2 protein chains.
Amino acid sequence: MSEIEVLAEALRIGKTTADTLTRRALARIADQNGELGAFAVVDREGAVRAARHADDELSNGIDRGPLHGIPVAVKDLIDVEGLPATRGSAHFADHQAAEDAACVQRLRAAGAVIIGTTVTHEFGYGPTGDRSWHGPARNPHELRRMAGGSSGGSAAAVAAGMVPVALGTDTGGSARIPAALCGIAGYKPSFGRVPRDGVFPLAPSLDHVGVLGATARDCQLVIQALAPRHSACQSLAGSVARIGWLEAAPQTPVSPAVAELTRNSLAEHDVTEVPWGAPDAMWEAFSAIQSSEAFATHADRVRDRPELFDAEVLDRLRSASETAGWHYVRALRAREEARAYMSGLFERFDLLASPTVGITAPLLGQREVDVNGSSRAVRSTLLALTCPWNLLGFPALSVPAGHIGRLPVGVQLICPPDREDRLFTVADSIVPSSVNS
Amino acid sequence: MSEIEVLAEALRIGKTTADTLTRRALARIADQNGELGAFAVVDREGAVRAARHADDELSNGIDRGPLHGIPVAVKDLIDVEGLPATRGSAHFADHQAAEDAACVQRLRAAGAVIIGTTVTHEFGYGPTGDRSWHGPARNPHELRRMAGGSSGGSAAAVAAGMVPVALGTDTGGSARIPAALCGIAGYKPSFGRVPRDGVFPLAPSLDHVGVLGATARDCQLVIQALAPRHSACQSLAGSVARIGWLEAAPQTPVSPAVAELTRNSLAEHDVTEVPWGAPDAMWEAFSAIQSSEAFATHADRVRDRPELFDAEVLDRLRSASETAGWHYVRALRAREEARAYMSGLFERFDLLASPTVGITAPLLGQREVDVNGSSRAVRSTLLALTCPWNLLGFPALSVPAGHIGRLPVGVQLICPPDREDRLFTVADSIVPSSVNS
């Protein structure tokens, strides 16, 4: 049973109230946020008011469904009316959101209680989650390690039990990577399925609203509120019989322990190894598209107030400005070719799967990591297995697959658009296991 | 009455035969092509065979419509089965087309007789029409002047009376510019309306198949064969009441004589001046998109065999490679903004209009031109008024508006997609006039 379902039942049988849940969340945040750096802003007053309203409604017979009265956190890239909207950057140190983003409106309409905003890597531009105007988000499993990013604050908040679910964004893995590193579930729906109005852009053809939850089922319940006609909300016919396991490739470094745990987590299923297709072209395409679009988003700020950026983010943006237009054009073509290849795989397989991230959480600030005896860049290692699904827009879900020592590992499931039901069916069957580090 | 209609009637009343028309075309080509440089390849045998077949069909009661038995030329960027397909470049000196382009298949299905291929600026990358592996296309009105480009050979062939119509392509004005400079009609349909299979690309999001004809009606008859459900083929209700005349802008240099002739050509209509909107953004967007896409088309050739390019084309490609990816991304946004602005104008006006080209034909090889006392680059001056309609994909037609001295001038009409009928209605009412140079 999911955390939301447990709480929803307790609310309805009078075992708790939304006010109690909210105060408990606020107390946990007060207790732990100093060391975790999960929340950017806590809206104590607004949350308590919303919780009381939720309680009033429930006692008057108005029931908005499973999220009614449930505390939820929202990444600082997503506008929440009246709250500071810094996007993790000094550029927006004094900015306040004028209205709720469309996805926040939907959460409120479903009765959710918005607790506050969570720390994002500056402008969402980094999978490490440790470069933000608010400071780094830390991994609840080991505080000297990164929570991952860019939705690091949302992942830390959920993993530490402050809230059962949180909204994130996902441009290259920004919801799934921190979910995997923090031992929770992270979900990126089909491209375009959840509206992005009021969500600060990074690379618009790759940007998704994502959900981080204690379990996959928690993510599914949030998606029901964000995109009611989403296939994850339906029970469609047919079981998941065939899973294609994406083979290791030079572009996707995976440690042996991560490979073993994630592969074993699907032991119940009929799993066949499949190649990535043209991996070089796919990763180059992701990089060219992300760079060009991210710099188009930030060019004026880089020109006018470069000193307000975090130095590493500024360096990345400056490199991003050097991507050539013709590379972008070729990347759009490579994207179509890769989409055709993966669509072909989905004729043979119900789902594809891989580790979510090939390593466990690196240390805060760490930028090189040893994988299988070679030194790798942390950033590309974190992104390697998640970013293809932003390039192609297919839905992807990261589910906890166990631990290596005390650090969590996630397994990623990918499905064709409009068959998200399969992800959540298989997520229920995942068997986590552990090994010593 | 159009040239095609005159010939079609003569064919049907037995006054001529397709064989006669073809032999007459071949004779004119033999006579004039040496000095004009209009045709790249003349397919004497194939044309005579096709003409006889057309005659046989007509005498057996098979009538394929107005193009039946009519000689047509095809730009050397468009594949004609079995003929050399050089694309105006030494890169393809030995290349032969394996099959007909889709548009050529449709011409043949309509009974047209393909006479041969016409000279294109190398790879279609230049509005001057004077840099081709086959040598420059010359203007029939004055041989030391350019025919314009890139469909210069098609324009010269039609203007010299070798064929009544010819296919061209149009990425920034490549059909309309040479039509205007050579005193014929040139038409670019809505983006995507005519299939481009078998047409060598330049910048795929700007590329169109175009038609050059002795009159606008000739273009319309060809479009009926190329895109049978095209609105130019229908008589839709309502007359054209309101024409918006696009005002002079710094980006659109127009000589006073051209301005006067073209404006006067619409004297019958209710014409109101309208601004271009955000002209800088629009021209920058065209340039960023064309550069990025053109280099993406040719990057491998530039890397592997740069020496095979014409030096000027190679220089342009090398500059094109320097356009940044983020400029391309911003150009795509500017394109949408400009499209919204022009769509707004079409709520107030049935058609928009402007000169096709602000000057008359420059000399072959000329690269600077004086317009209103300032020196301007020939290339951007030629493209200024036509390329916005490639950026936005709206249909645009150039119609002869008269002469300055012996050099022709064209007026351009632009309509909303799916209302091409309006272009051809108004084209019939254009009143050409002349001034001394």
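Reader: Why is the crossing of α11(A) and α9(B) called right-handed?

Author: In this predicted model, the crossing of these two helices counts as right-handed, because that term is used when the near helix is turned clockwise from the far one by less than a right angle.

Reader: Which residues make the contact of α11(A) with α9(B)?

Author: On α11(A) they are A:G325, A:W326, A:Y328, A:V329 and A:R330, and on α9(B) they are B:A288, B:S291, B:S292, B:E293, B:F295, B:A296 and B:A299. Sorted by class, the residues of this contact divide into seven nonpolar, three polar and two charged.

Reader: At what angle do helix α9 of chain A and helix α11 of chain B pack?

Author: Helix α9 of chain A and helix α11 of chain B pack at an angle of about 70°, and their axes are 8 Å apart, which makes α9(A) roughly perpendicular to α11(B). The crossing in which α9(A) passes α11(B) is right-handed, and among the residues that make the contact are A:F295 and A:A296 of α9(A), together with B:W326 and B:Y328 of α11(B).

Reader: How many residues of chain A are in contact with chain B?

Author: There are 16 residues of chain A in contact with 16 residues of chain B, where a contact requires C-beta atoms that lie within 7 Å. On the side of chain A that touches chain B, α9 and α11 each supply at least two residues, and α9(A) gives the largest share, with seven residues. The residues of that side divide into eight nonpolar, six polar and two charged.

Reader: Why is chain A called as compact as a globular protein of that length?

Author: Chain A, whose secondary structure comes to 14 helices and 16 strands, has a radius of gyration of 20 Å, which is close to the 22 Å that the globule rule gives for 437 residues, so chain A is as compact as a globular protein of that length. Along the principal axes, the C-alpha atoms of chain A fill a box of roughly 55 × 55 × 40 Å.

Reader: What share of the residues of chain A count as buried?

Author: Of the 437 residues of chain A, 60% count as buried, a term that requires 20 or more other C-beta atoms within 10 Å of the residue's own.

Definitions and conventions:
Residues numbered from 1 in each chain as written. Chains lettered and ligands numbered in written order. Predicted model: local features only at pLDDT ≥ 70, side-chain atom pairs only at ≥ 80, totals over all residues. Axes fitted to C-alpha atoms, helices over the stretch in contact; angles between N-to-C directions. Helix = DSSP H or I, 4+ residues; strand = E, 2+ residues; numbered from the N terminus. Parallel < 35°, antiparallel > 145°, perpendicular 65-115°, else oblique. Contact = placed C-beta atoms within 7 Å. Nonpolar A, V, L, I, M, F, W, Y, C, P; charged D, E, K, R; others polar. Rg over C-alpha atoms; globule rule 2.2 N^0.38 Å. Buried ≥ 20, exposed ≤ 12 C-beta atoms within 10 Å, placed from the backbone.
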